Amino acid sequence: MEVPIWVLVAMGLAIGLLGLMLWTNLRERPFRVKVPDLDDFEQALPSIAGMTRTVILEGNTAEIVQNGDGYFPALWKDFAAAREAIHYETFVWERGEVCDRMAEAFIARARDGVEVRLMVDAMGSNKKEPELFERLHAAGVKVAIYHPLSLRDIGQLNKRTHRKLAIVDGRVGYVCGHGVAPHWTGNGQDKDHWRDTGVRVTGPIVNAIQSVFAQHWIEETGEVLVGEKHFPHLEPTGDARMHILAGANLASFSDLELMFQMALATVQKELLIQNPYFIPDRDTIRLVKRAVARGVDVHIMVPGPVTDSPVVSHAGHRYFGELLDCGVHLYEHQKTLTHQKILVIDDLWCHVGSTNFDDRSFDINEEAGLGIIDPACAATLKEAFENDRKNCVELKADAWKKRCGFRHRMIDRACYLLSGQL
Amino acid sequence: MATVRPAVSRRTTGREIVISRTAAVFYVAIVLGLILILWSARRERESHVRVPDIDRFEEALPSIAGLTGAPIQAGNRVEILQNGDEFFPALFRDIAAAKESIHLETYVWWKGEICGQVARALADRARQGIEVRLTLDAVGSNQGDGELFDLMRKAGVHIALFHPPRLQDIGLFNNRTHRKLAIVDGRIGYVFGHGIAEEWTGHGQDEKHWRDTGVRIEGPVVNTIQSVFAENWMEQTSEVIVGEKYFPRLPEMGPVRAHMTASSPQGGVSRLELLFKIAITSARRELLVQNPYFIPDGEIVGLLEKAAQRGVKIRVMLPGAVTDSSVVRHAGHRRFEELLEHGIAICEYKKTLNHQKIMIVDGLWSFVGSTNFDDRSLDINDEASVGLIDPGIAGQLRAAFEKDAQSCPPISLEAWRQRSLWDRFVDRASYMINEQI
């Protein structure tokens, strides 16, 4: 059987064209944004909000919740007090005591007539037992699975919701790093109980947090959340100014990455970073160096021996030598995984949320973070940083060079090559 | 062809047939797999959005802001600009008075004297040291005069072409920016339907001079208009615009509450689609729609009918024979009978193309912008419309609607039912391709 050559060529071209269409749809565009120095933070604030497609809302109150011991009891209290609606969105949903307890709380409140909406990521909850979801469903809890693993959604497979949000009655909001799994209980005391940080807020910003929750909820269920019980008119409750950061977008530059870069561009005195997955790119390194050069103390804390992803750690090492050489303080936490995603800028502006410092968080996943402009909140987070530092080993440039031999460097580079997906 | 044939022809063996069949099956599987992934990555996750009843508009305002990602900002001064005769002179005045920066984004940049005037105005200011940024859609501006673009570039105007046709971006080719925005010094914002072309000059007097509407705004919402401009500017140029000259702190300037809604095809349900659906749902007395491309989907038709049933007086004004896209016009006809049966008044504007995209809800809440009432605007393109909550503004737009209605004989249900078979066929055929037009 002879196949003419032109048929083979046409067949090859068809595959090539389809492959090209697919690649151009899914590829990350190599954005190299140019962030100028922002000398005056207050003056730059409307620009920071405008460039990240949000506005600064005044009159909020923030309460930092540390680890599972701070987070879950606060949640239970707010769930128990809910009168109208409980909304919860999370990536990790893994069976265990805390998961069961949350499910029981949802079931109990749904039976009381409170509207309960639970959004879990299909990938993050893949160890779920369907029996639990059926029980939730039977009690009247509305459960939505984000980007279900079905054939028709195969092109969305890589895009997960990594957001961790809770909203009660549209009046209390949580923005956190915690997942719902045994690792997030306790007080960060050992390698099985992780360190994490969230924030409980009241005030006008809760409308914006609800708005982020509503995005995925509408996408998956078509239900539009309207009315006072979801978006009440919110009076000021305190002095903190806040802005929400959400979303990723393959075709344009990530709002969250831009915010991180603008934070590096505006810092004048001190910058604290805690992040479990810290894989900076060249542009970020350049901004860090510029900050150090103008006299900023930069302290970065990453996980040490306890990590759930050694590949990420290695990829992060790629620029450690360079950072240490320019005078950045790097710490590795020894006791447990520090999972919190924290930024503290000049004792004033801080960030709490779900966003890792890597391309997966910036460009692929759906994330949610909260910017908080409040000296009290910054002081609380700084104190926690100081406490964590007691369990850290500070890396030194000389020691790093010895530890980081040829073989180590090669592994780092190999891992860094994967960084687009990490 | 130089296909080398074996010297001795021999019969194909059974084994070779199995191999070639396996290869063929394999090939088809790969092609189908790629098509599936591509479709899945691109497909608009079909949104059967259920908007609950909205009884009290004021109470629903935070919901509307939250759902469309656009805060409602009080204290804006708004001026309505009808047709080219009011729009261009105002724009030229503000361009001439700019102290720091001029930003303009548009889809259409075709031909005509007006293009030269805009180009020279921008070039003059750029030469005087004003930062001028111009975002042009690569498709919408491809018939523009290259000399004018060169003139502007030489004068120092920064021009960004949105989604230029490049091999590595072929997957984005269908996504155009249809937004029409101008921002001067970060303090004055324009949101409009006008393109930069001869058709948009004049005052809608004849077929060659179209009818359109824009607004000029001063006040806090201008920060958000700038933010919408900055989105596509950064996407194309990587330039992050920060500082007082782009995002100043803006004092209150007038009585109008405003919210700027922009949408882009990435990720989830379109914000403008949601906004339009919420607007229809919230109407209690009267809903006026003027739109040049009106192809509502089943859900929007359902919401319009529900509104009509609860006593909302709905009037829709569309282009008649003067249109730049008769396919769109015919596709729109598809649902006319159903709408007319529900008592929704439809009329076709006779004099010229009415290109304005206006909606007025209950004499209070109005929309002006770039967004057509079809799937291309609501799901594919980048669009921007501004919502204005103010009885005075709604009153002015309503008066303009009434004036337009005078050259607009209404369509009666009976006359519509007596259309020829051919007309019906064209309508159906046009509707079938409606997602892309």
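**Exercise 1.** Find the bridge partner of Glu270(A) in β10(A), then describe the strands on either side of that pairing.

*Solution.* In β10(A), Glu270(A) has Asp297(A) as its bridge partner. Strand β9 (residues 270–274) of chain A pairs with β10(A) in the parallel sense over five bridges; two strands pair if DSSP finds at least two bridges between them. Helices (H or I, at least four residues) and strands (E, at least two) are DSSP runs, numbered from the N terminus. The model is predicted: local features need pLDDT of at least 70, side-chain atom pairs count only at pLDDT 80 or more, and totals for chains, interfaces and linings use all residues. Residues are numbered from 1 along each chain as its sequence is written, and chains are lettered from A and ligands numbered from 1 in the order in which they are written.

Next, β10(A) pairs with strand β11 (residues 329–333) of chain A, in the parallel sense over five bridges. Val302(A) has Glu332(A) as its bridge partner in β11(A).

**Exercise 2.** State which unit contains helix α8 (residues 282–293) of chain A, and how many residues of β10(A) are buried.

*Solution.* The helix α8(A) forms a right-handed β-α-β unit with β9(A) and β10(A). Right-handed means that, with the strands pointing away from the viewer, the path from the first strand over the helix to the second runs clockwise. Strand β10 (residues 297–303) of chain A has five of its seven residues buried. A residue is buried if 20 or more other C-beta atoms, placed from the backbone, lie within 10 Å of its own.

**Exercise 3.** Identify what Ile209(A) is in contact with, leaving aside its neighbours within four places in sequence.

*Solution.* The partners are Leu165(A), Ile167(A), Gly173(A), Val175(A) and Ile244(A). Contact means that the C-beta atoms, placed from the backbone, lie within 7 Å. Ile209(A), Cys350(A) and Ile372(A) touch the most other members of the largest nonpolar core, which has 228 residues. Such a core is a set of buried Ala, Val, Leu, Ile, Met, Phe, Trp, Tyr and Cys residues joined through C-beta atoms within 7 Å.

**Exercise 4.** Describe the side of chain B that touches chain A.

*Solution.* Begin with the count: 59 residues of chain B are in contact with 58 residues of chain A. Then take the helices: α1 (14–42), α2 (57–68) and α6 (221–237) of chain B each supply at least two residues of this side. The most comes from α1(B), with 14 residues.

**Exercise 5.** Give the numbers of helices and strands in chain B.

*Solution.* Chain B has 14 helices and 14 strands. Of its 437 residues, 48% count as buried.

Note on methods
Two residues are in contact if their C-beta atoms, placed from the backbone, lie within 7 Å. A residue is buried if 20 or more other C-beta atoms lie within 10 Å of its own, exposed if 12 or fewer, and partly exposed in between; C-beta atoms are placed from the backbone.
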